[in-house]
Amino acid sequence: FNVVYSNESERVSMARIASQLAALNRDFSLSEEGRELLAIDRQEGFGERGVDTKIQFCLADLPDAVRYFQSSSSGWGYDDGIKRTESGGLSAFQADRFVNVWVGRLSDDVGGYAQLPGGPLASDGIVIDDRFFGTLGLAPPYDEGKPLTHLMGSYLGLYPLWGKMPCGDDFVEDTPMHSAVNYRCPDNQHVSLCAGYPVEMTVNFMDNTYDACRYLFTAGQKWRMQAVLSEDGPRGGLLTSSSLCASKLRAAPSQESPSTQLQVFPNPAKDRLDIFIGSAKEGVLVLEIFNNSGQQMHAYRGQSMGSTQQFQVDCSQWPEGIYLLRAQMADQTQSRKVTISR
């Protein structure tokens, strides 16, 4: 990780880095939460397509595994300036053997980007804005570490599902063709305008929907990434690196894992939501629900009792669609996708 910052607000902590590694491993292994979402995914019909990619990530056991550099520059763009010392950035570290991730404050219209396999080593890696990095202290809709999951997919050879708009090909057989990029949390049965009018896979990590609404890679995407990482693949050097994982940081994600647990039933729901929030801590609790346009539909602010609490929300007058449920306590935030269907 190459952390390039101009002030302390841009300097991500080691805890944030550990939380991001945990999020990558959660997403690439199909997390328990992802399995739960797939189990209720009756609308889109993609419940059988989510897979464990068998790809895991760790911090290298090297002094340079995390490099902090305070720069006089900020507001980086697509010109790779953050990767060049002459521009005030940091050069890549052995990019043929390690995934390089640059973390810094990007310009307003840039959230991050990744270099596809086969490019020059001097610029090889991923660039991501610090405001979308990790899972600690961030606010929805991009607070679950999934922007880097999306970019890591690109780094490992995946194209966005929309390809070259409109109706481009991502060269993976088991992903439907998308008309264009999707944002927010689209309604159920979001139909493509491409040939055959397939339902778009907006829950795939390679779309651009909110974090709470994307949670799977397909088998076809798995094998494409595995091929890139194979011995003869363009990123085979990542597997043959002689360095071991840093055991201290490898254990850190479990130490940083949230102690706040959030569950909602039924899901999909018709008229009422039963929300259960379990926490071992006492403190201020904020519970919010937003529609896919970002409008707040419900809000609660009170105290966590250090035990499991139940809340009932009347949703009988809400339109059908997908909603984002967020529970925040102290520096921990948990989010869930909620579907209203009648």
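Predicted model: local features only at pLDDT ≥ 70, side-chain atom pairs only at ≥ 80, totals over all residues.
A residue counts as buried when its relative accessible area is under 20%, and as exposed when that area is over 50%, with partly exposed in between.

**The whole chain**

Begin with the entire chain in view. Of its 342 residues, 54% are buried. Six helices and 12 strands are present. The chain exposes about 15400 Å², of which carbon and sulfur atoms supply 50%. Among contacts with a separation of 6 or more, 65% are between residues 24 or more positions apart.

**The four-stranded sheet**

Next, select strands β9, β8, β11 and β12, which in that order form an open antiparallel sheet. Its edge strands are β9 (296-305) and β12, each of which pairs on one side only. From one strand to the next, the twist averages 15°.

On one side, β11 pairs with β8 (residues 282-290) through six antiparallel bridges; here Leu324 of β11 lies opposite Phe290. The antiparallel pairing of β11 with β12 (residues 332-340) comprises nine bridges.

**Aromatic pairs**

Then show the aromatic side chains; the structure holds 11 aromatic pairs. Select Tyr142 and Tyr210, an edge-to-face pair with centres 5.7 Å apart and 90° between the planes. Tyr142 belongs to the loop between β5 (126-129) and α3 (146-155), and Tyr210 to the loop between α3 and α4 (219-229), so that the pair links parts of the chain 68 residues apart. Tyr210 has a relative accessible area of 16%, and is therefore buried.

Move to Tyr159 and Phe171, whose ring centres are 5.7 Å apart; because their planes stand at 65°, this pair is edge-to-face. Both residues lie in the loop between α3 and α4, 12 residues apart. Is each of the two buried, partly exposed or exposed? Tyr159, at 31% relative accessibility, is partly exposed, whereas Phe171, at 54%, is exposed.

A further selection is the cluster of Phe28, Phe57, Phe205 and Phe217, linked by ring pairs.

**Charges over rings**

Finally, display two contacts of charge and ring. Arg11 lies over the face of Tyr68, 3.9 Å from the ring centre. The charged end of Lys222 is placed over the ring of Trp223, at 4.7 Å from its centre.

Notes:
Residues numbered from 1 in each chain as written. Heavy atoms only, no water. Pairing = 2+ DSSP bridges. Helix = DSSP H or I, 4+ residues; strand = E, 2+ residues; numbered from the N terminus. Buried < 20%, exposed > 50% of the residue type's maximum accessible area, 1.4 Å probe, protein only. Contact = heavy atoms within 4.5 Å. Areas by Shrake-Rupley, 256 points an atom, 1.4 Å probe, with all protein chains shown as cover. Axes fitted to C-alpha atoms, helices over the stretch in contact; angles between N-to-C directions. Phe/Tyr/Trp six-rings, centres within 6.5 Å; stacked < 30°, edge-to-face > 60°. Lys NZ or Arg CZ within 6 Å of the ring centre and 35° of its normal.
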